[in-house]
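Subject: Structure handover

Hello,

Here is the structure for you to look at. My notes follow below it.

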Amino acid sequence: MSYPGLIAETVKFKGHNGDEGEAYYARPSRDGKFPGVVVIMHMPGWDEWIIETTRKLAHHGFAAIAPHLYFREGTGSPDDLGARVRAAGGVADDQVVGDAKGAAAYLRAQPNANWKVGVMGFCSGGRHAFLVACRVPEFNALVD
């Protein structure tokens, strides 16, 4: 069996209030139209596990994007950024919703998009994914 190829990179996207942040984007390298998935990170942050989850979704035929929800907090390791965000009480729900909506818009703007986009999250990201799916009717599916 040969494994399908994928393309993965860090990209810029427009998030809440038009703020420009970065996200990890992965998609199959073959031709075709693919459903999209916005991956909402867990409280520890935009870490290796979230990046690998995004790549795994691309391996299975999805165009996936994981927005860095802490990009407004500056630079540093996922652990350091996560600690700063936790100490400040977390990320505002409206900000997460806006960033997820912006990430979905990024997916839909790609030439390989089939316009179906779901949202999934883990741990606190699961709560955020549920909130996003309830508030943004453009999402077609939810996995918590």
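The notes cover aromatic pairs, salt bridges and the cavity.

This is a predicted model, in which local features need pLDDT of at least 70 and side-chain atom pairs count only at pLDDT 80 or more, while totals for chains, interfaces and linings use all residues. Residues are numbered from 1 along each chain as its sequence is written, and side-chain values use heavy atoms, with hydrogens and water left out.

Aromatic pairs

Rings of Phe, Tyr and Trp (its six-membered ring) pair if their centres lie within 6.5 Å; planes under 30 degrees apart are stacked, over 60 edge-to-face, and the rest tilted. The count by this rule is three aromatic pairs. One of them is Phe13 with Phe71, edge-to-face, with 6.2 Å between centres and 80 degrees between the planes. Phe13 sits in strand 1 and Phe71 in the loop between strand 4 and helix 2, 58 residues apart. (Helices are DSSP runs of H or I with at least four residues, strands are E runs of at least two, and both are numbered from the N terminus.) Phe13 and Phe71 are both buried, that is, under 20% relative accessible area, where exposed is over 50% and partly exposed is in between (1.4 Å probe, protein chains only).

Tyr25 and Tyr106 also pair edge-to-face, at 5.3 Å centre to centre and 75 degrees between the planes. Tyr25 is in strand 2 and Tyr106 in helix 3, so this pair ties together parts 81 residues apart in sequence. Tyr25 and Tyr106 are buried.

Salt bridges

The whole structure has five salt bridges (a side-chain nitrogen of Lys or Arg within 4 Å of a carboxyl oxygen of Asp or Glu). Arg72 is partly exposed at 27% relative accessibility, and Asp19 is partly exposed at 28%.

Two further bridges link helix 3 to helix 4: Asp93 to Arg127 and Asp94 to Arg135. The N to O distances are 2.9 Å for Asp93 and Arg127 and 2.6 Å for Asp94 and Arg135. Bridges with shared partners also join Asp19, Arg72 and Asp99 into one network.

Cavity

Which residues line the largest cavity? Among them are Phe34, Leu107 and Trp115. Strand 5 gives the largest share of this lining, five residues.

Regards

Definitions and conventions:
1 Å grid on protein atoms, 1.4 Å probe; cavity = no way out; pocket = protein on both sides within 12 Å on 5 of 7 lines; lining within 4 Å.
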